[in-house]
Amino acid sequence: MRVYKPRKLNGDLPGLLWIHGGGYVLGAAESDDALCVRYVKDIGCIVVSVDYRLAPEHSYPTPLEDCYSALCWMVNNAELLSIDINKIAVAGNSAGGGLTAALTLLARDRKFPKVHVQLPLYPMIDDSNNTPSANEITEGMIWNQQLNDLGWKLYLGKLYGSDNIPPYAAPARATDYSNLPYTYTFIGQLDPFRDETLTYVTKLAQAGVDVEFHLYPGAYHAFESLNPHSSVAQYAMNEYINAIKIGFDRISGSLKEAKETTA
Amino acid sequence: MRNRERVIPELLEVLDNFPELSLEQEIIPQVREAMKNGNEPVDQTDVSIEVIAIQHMITKKLMCEFINLEN
């Protein structure tokens, strides 16, 4: 794991667990150093970035359990890390977004730790790989149906193609989305994950979860990460970073309200 | 390609120059290495970066099962 902290600390800060992307097969926490440093500066939080083990060497559930271990470690060591455990967020992009969605389901069902904000950004959550957008983006475009199939095959291992895939492996299979944290996500309209994301946010909203969502026309998979200087990427990044702040502010508001009620 | 025509102009250059990814098992280590080589050093003036290793829960679980079998 990599822990990012401001060099000058005045009291506890919110905690953000970051989960990198890479189709469950590629990527490393180290590659997102600049991004995590930006979160610390712009949000005013402590970031823990988890270097989870990757498929195919480590198929499901190892990557998810690694993320869960990191989340537990972060909360159990909150005092040492100067983290306010009443303000915990989990975020990640692509496969990291899928792990984010899976992790909040897992933490909810294991009843620990409490997650207050989640950002499953353009998440890889539907192993069916058979949505209209997956069928539309079949080649090129950074990530496509063909690569997606390989990613799921390697991540699910022996489970691939079976009917026994748990929602913690592919959160699109969940049937209960209630009691999940405030959620923000976005996606490009030319991303094969477009429709699974649309379905996911719809199900969250129907389950009574507060959710915000932005669809970027003309944008492909991971556009904000690959084109950081483009205006659309800057807009998308500013918006989701702001959403994390809003998520934490909502908690501050609730805590203040609760204190006033009990006073 | 029809999808390419729908991409907004400021995102086209990166798309056109992006190498085709492959997830064939035998070349995954090379792809991972190539991605790592693209990492640039980060300014740590205001933010510290600490690398911490924790024992993975799943490893602990397997170890417990192994000990039980031994017993």
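The stops that follow concern the place where two chains touch.

This is a predicted model, in which local features need pLDDT of at least 70, side-chain atom pairs count only at pLDDT 80 or more, and totals for chains, interfaces and linings use all residues. Residues are numbered from 1 along each chain as its sequence is written, chains are lettered from A and ligands numbered from 1 in the order in which they are written, and side-chain values use heavy atoms, with hydrogens and water left out.

**The whole contact.** Select chain A and chain B together. The contact (heavy atoms within 4.5 Å) draws 55 residues from chain A and 39 residues from chain B. About 4,200 Å² is buried between the two chains, 64% of it on carbon and sulfur atoms; buried area is the accessible area (1.4 Å probe) that two parts lose on being put together, summed over both. Next, select Met1(A), Arg7(A) and Leu26(A), which lose the most area to chain B and together make up 15% of what that side buries.

**The paired strands.** Select strand 1 of chain A and strand 1 (residues 47-51) of chain B, which pair in the antiparallel sense over 5 bridges. Strands are DSSP runs (E, at least two residues), numbered from the N terminus, and two of them pair if DSSP finds at least two bridges between them. Here Pro6(A) stands opposite Val47(B).

**A salt bridge.** Finally, select Glu136(A) and Arg6(B), whose side chains meet in a salt bridge (3.1 Å, N to O). The term denotes a side-chain nitrogen of Lys or Arg within 4 Å of a carboxyl oxygen of Asp or Glu. Between chain A and chain B the count is 2 salt bridges.

Methods. Helix = DSSP H or I, 4+ residues; strand = E, 2+ residues; numbered from the N terminus.
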